[in-house]
Amino acid sequence: MSIKLAVFDFDSTLMDGETLELLAQDADLRAKLKDITDRAMQGELDFFESLTTRVALLKGTPVSYVNEVFNNLPYMTGAKELISELKNRGIKTVCFSGGFDGAVEVAQKTLGYDAYFANFLHEKGGFLTGLVGGDMMTSNSKGIMLNKLQKILNISKDETMAVGDGANDLSMFQYASTKVAFCAKEVLKKEATIIINNKNLTEVLRYI
């Protein structure tokens, strides 16, 4: 059965890096955020707790700095080309991000995916408050949203491809028959039907 819907993680999948780490304004904070992120993506930490903890560490960051980071994100090699080809084939493309709507909205203009679902950073007086909310707050959020989309679009599990790199992408895999672990943590590779270790997303086209 041919693929009709392709869903993607954002950080370290469509984007080459972790948005939260890029938002850190000094090396010590970046190291703290990286440690928490790595442990969460390996499935060692609860995603909700890791997300709220990391965002809390960004309290007081100027929104102007946040926007500058969002406007200069490094996209993954082959991301734009892959999404363009999938759309040429009539496949709907959606980004599910445990990160932030400001980042994926900017990325959509460059990468061209059809829709996105993400979290948002609370701000007050031009600075981050350290609080976060949104559609992608828990480890199961992506799977829940994917299942809703499938029902709305009348697209089956067999017609769905999910691409990600970390533990919070496992719930997407539950609702996709084509499960792509892209430069992924071992916890995700174990559940994948396709494993790609080369940092070029056009590799996905070899399998579909």
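**Reading strand S2 and its sheet**

Author: Eight of the nine residues of S2 are buried, so S2 is largely enclosed by the rest of the structure. Buried means under 20% relative accessible area, exposed means over 50%, and partly exposed lies in between (1.4 Å probe, protein chains only). This is a predicted model: local features need pLDDT of at least 70, side-chain atom pairs count only at pLDDT 80 or more, and totals for chains, interfaces and linings use all residues. Residues are numbered from 1 along each chain as its sequence is written, and side-chain values use heavy atoms, with hydrogens and water left out.

Reader: In what order do the strands form the open sheet?

Author: Terms first. Strands (E, at least two residues) and helices (H or I, at least four) are DSSP runs, numbered from the N terminus. Two strands pair if DSSP finds at least two bridges between them. Here seven strands form an open sheet, ordered S4-S3-S2-S1-S5-S6-S7, with mixed pairing. S4 (127-134) and S7 (194-196) are the edges; each has a single partner strand, so one side of each lacks a neighbour in the sheet.

Reader: How does S2 pair with S1 and in what sense?

Author: Strand S1 (residues 5-9) pairs with S2 in the parallel sense, over five bridges. Phe8 stands opposite Cys95 in S2. S2 (residues 92-100) also pairs with S3 (residues 115-124), again in the parallel sense, over four bridges. On that side, Cys95 faces Tyr116 in S3, and Val94 has Ala115 as its bridge partner.

Reader: Through which helix does the chain cross from S2 to S3?

Author: Handedness has a rule. With the strands pointing away from the viewer, a crossover is right-handed if the path from the first strand over the helix to the second runs clockwise. The chain crosses from S2 through H6 to S3, a right-handed β-α-β crossover.

Reader: Which strands does H6 lie across?

Author: Axes are lines fitted to C-alpha atoms, for helices over the stretch in contact; angles run from 0 to 180 degrees between N-to-C directions. Contact means heavy atoms within 4.5 Å. H6 (residues 101-111) lies across S2 and S3, at about 135° to S3. H3 (residues 47-56) lies across S2, S3 and S4, at about 160° to S4.

Reader: Is Gly134 buried, partly exposed or exposed?

Author: Gly134 is found in strand S4. Its relative accessible area is 38%, so Gly134 is partly exposed. Beyond its neighbours within four places in sequence, Gly134 is in contact with Ala118, Asn119 and Phe120.
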